[in-house]
Amino acid sequence: MGVMCGMRRIALTAVSVTVLTLSGCVRSLNDDSAYVMLPESGWVYGDMITFNLTHIDSVSEGSLTIAVSHDSSYLYSNLWLEISSVEDDNHVVRDTVEFQMADSAGNWRGTGLTPEIELEMPVGCIRHVSGRPINVRHIMRCDTLRGMSKIGLFFRSDLTEDETQ
């Protein structure tokens with residue numbers, strides 16, 4: 001009887017820990033993300049990458065994060081990107097973002113278990129209209145950027161699922 005009570009207590013504790021852990025992972029219905037694979041031949045200076053993030057709400061406020069993946073053939077310690085979108089009044093809003101890809105000793109920042117390294121960087125808070133394109137292009141001083149494999153864009157709404165209902 002004592003062994004069964006002990007095992008039941010362990011099982012209930014494990015279930016409680018799991019529920020508490022997962023409750024911290026509340027995701028908003030307005031969250032969205034997308035990745036775009038870059039050509040193996042390189043990312044040409046003029047090539048704009050377009051993301052069409054959608055939300056359940058027509059307009060959402062939240063944080064925007066960019067993720068880039070590269071390999072060791074990437075030649076630079078940083079990456080300059082231009083992010084642009086169109087506001088309600090057809091006014092184009094642009095922002096310039098610098099990724100520090102490597103530290104001062106030349107060690108890559110980011111994570112990865114394969115030869116590919118991924119680095120994320122918060123861009124800031126935005127007001128985004130669902131489905132309205134967000135464009136990203138590199139503005140490095142080279143025609144074709146090599147060593148980059150993909151770029152991602154993540155939108156995280158300030159609202160949780162409970163607040164949207």
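These legends walk you through a few close-up views of a predicted model.

View 1. Let's begin with Asn78, which lies in strand 5, a stretch covering residues 78-86. Is Asn78 buried or exposed? Its relative accessibility is 17%, and buried means under 20%, so Asn78 counts as buried. Look for the side chain of Glu98: the side chain of Asn78 makes a polar contact with it at 3.1 Å. Leaving aside residues up to four places away in sequence, Asn78 touches Glu98, Phe99, Gln100, Met101 and Met140.

**View 2. Strand 5 beside strand 6.** These two strands run antiparallel and are joined by 9 bridges. To find your way along the pair, pick out Leu81, which stands opposite Val97 in strand 6.

**View 3. The largest nonpolar core.** This core holds 26 residues, and those touching the most other members are Val68, Leu79, Phe99 and Ile151. Several elements give two or more residues to the core, including strand 4 (59-70), strand 5 and strand 6 (92-100). Strand 10 gives the most, with 4 residues.

**View 4. Val68 and its contacts.** Not counting residues up to four places away in sequence, Val68 touches Leu79, Phe99, Met101, Ile117, Glu118, Leu119, Met148, Lys150 and Ile151.

Key
Residues are numbered from 1 along each chain as its sequence is written. This is a predicted model: local features need pLDDT of at least 70, side-chain atom pairs count only at pLDDT 80 or more; totals for chains, interfaces and linings use all residues. Side-chain values use heavy atoms; hydrogens and water are left out. Buried means under 20% relative accessible area, exposed over 50%, partly exposed in between (1.4 Å probe, protein chains only). A polar contact is a pair of N or O atoms within 3.5 Å; within protein, one must be able to donate a hydrogen and the other to accept it, and residues adjacent in sequence count only if both atoms are side-chain atoms. Contact means heavy atoms within 4.5 Å. A nonpolar core is a set of buried Ala, Val, Leu, Ile, Met, Phe, Trp, Tyr and Cys residues joined through side-chain atoms within 4.5 Å. Two strands pair if DSSP finds at least two bridges between them.
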